[in-house]
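Here are some notes for a colleague who is new to this entry. Please read them with the model open.

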Amino acid sequence: MVQRKKIQLRSTLFVMLMALMLATTAQARKKNIIVMIADGWGFNHLIATNCWNGSSPAYETWKVKYGMSTWPAGGRYDGAAASADFNYPLQGFTDSAAAATALSTGVKTYSGAIGIGPDHQPVEHILERAESYGMATGVITSVQISHATPAGFVAHNVNRSNYAAIAEEMITQSAADVIMGAGHPLYSNDGIKLSGGFNYDYVGGSSIWNGLVAGTVGGDADGDNTADPWTLIQDKEEFQKLASGETPKRVLGIAQVNTTLQERRWFRPAGNSVEPPYKIAFNKNVPTLEMMARAAINVLDNDPDGFFLMIEGGAIDWANEDNVLGRMIEEMDDFNNAFASVVAWIEAHSH
């Protein structure tokens, strides 16, 4: 295990921002960049969560706010048409893959594309640009590590559904230093260890998973033409411990749950759609997005050149699609807690 000294860094945090291309000189750019994405949210989700909690997250008070277009390449949005026709927004909307690619690269593309432009050619991710400046990089999510948004900041693939190939690229070819999320092949959505029927797609296949467990898998992350194997962490306690103290060089965190950290736990649509937030017991041995954020930053902030980190509350979108309001509020709370923790870190480490 490689140990590295902690240092203080200047930081910039972006919530729901367009892709930010780094400046061409070290003097002109910020030391750290953190992008936080609440996938699938909107104003009504904020209102519902605020009503439930009786309070608002700090980012709602920020003075600088921007909107952004969400349609994919070749699309458009007509506000008047949307007001006149309830079904209009259902036509030509973007998906998370095209949206993440646009956020990461500044290039609008077709739905389903991962790091690929509308001409089907790879486009440069902000992580790749950051790495060219020697910065540490990472992505974390509350869904599978190779799902659309984290993949859309790291990988290049013509179809977001090619999970195994995307995960293989992220794990064995990318220079990322931190990847964390769900997608554990040996556990169910309820955090229960399976006896069979394992799905290794989200981690790149069984051979890659076995190599991760053995500590032998990982490409060249620092450009010295030598492989840099991942340190694999899995249980909640490992994520908690990583939030402070010395850290490994690279960390791949796969929570012991299949598709989402919590949203799909004990999922029975007929009974759970009307359950209020926190009524259904949480998966016990699974970290929160906040825990993963603190752990990821503790690994990345070792780099004297700074870091780039994307944090996704990915299961907000899942709760919306599942039409489970209680789970949506839980996921919004998890995202907001991660946001508050990141801001606290910035305040404590900026100068």
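1. Which side chain makes a polar contact with the side chain of Ser96? The partner is Asp39, and the distance is 3.1 Å. Keep in mind that this is a predicted model.

2. Stay with Ser96 for a moment. Ser96 lies in helix H3, which covers residues 96-105. The residue counts as buried because its relative accessible area is 11%, under the 20% cut-off. Setting aside neighbours within four places in sequence, Ser96 touches Asp39, Ala148, Thr149, Arg160 and Asp317.

3. Helix H3 also holds Thr101. Is Thr101 buried or exposed? Thr101 is buried, with a relative accessible area of 0%. Beyond its neighbours within four places in sequence, Thr101 has contacts that include Gly106, Val107, Ile114, Val123 and Gly152. Gly115 is another residue in contact with Thr101. Thr101 and Gly115 are 14 residues apart in sequence, yet their C-alpha atoms lie 5.3 Å apart.

4. Now the charged pairs. Side chains of opposite charge can pair when their charged atoms come close. How many salt bridges does the structure hold? The count is 11.

5. One of these joins Arg160 and Asp95, at 3.0 Å from N to O. This pair links distant parts of the chain, 65 residues apart. Arg160 sits in the loop between helix H5 (148-151) and helix H6 (163-172). Asp95 sits in the loop between helix H2 (79-84) and H3. Arg160 counts as buried, at 18% relative accessibility. Asp95 is buried as well, at 17%.

6. Glu275 pairs with Lys279 in a salt bridge, and their closest N and O atoms are 3.6 Å apart. Glu275 counts as partly exposed, at 25% relative accessibility. Lys279 is exposed because its relative accessible area is 56%, over the 50% cut-off. Elsewhere, salt bridges with shared partners join Asp222, Asp228 and Lys249 into one network.

7. Last, look at the surface. Which residues form a nonpolar patch there? They are Trp52, Tyr278 and Phe282, with about 320 Å² of accessible area together. Trp52 belongs to helix H1, residues 43-53. Trp52 is partly exposed, with a relative accessible area of 44%.

Methods
Residues are numbered from 1 along each chain as its sequence is written. This is a predicted model: local features need pLDDT of at least 70, side-chain atom pairs count only at pLDDT 80 or more; totals for chains, interfaces and linings use all residues. Side-chain values use heavy atoms; hydrogens and water are left out. Helices (H or I, at least four residues) and strands (E, at least two) are DSSP runs, numbered from the N terminus. Buried means under 20% relative accessible area, exposed over 50%, partly exposed in between (1.4 Å probe, protein chains only). A polar contact is a pair of N or O atoms within 3.5 Å; within protein, one must be able to donate a hydrogen and the other to accept it, and residues adjacent in sequence count only if both atoms are side-chain atoms. Contact means heavy atoms within 4.5 Å. Patches are made of residues with over 30% relative accessible area and no salt bridge: like charges are joined within 9 Å, nonpolar side chains (Val, Leu, Ile, Met, Phe, Trp, Tyr) within 5 Å. Accessible areas come from the Shrake-Rupley method with a 1.4 Å probe; for residues, only the protein chains shown count as cover. A salt bridge is a side-chain nitrogen of Lys or Arg within 4 Å of a carboxyl oxygen of Asp or Glu.
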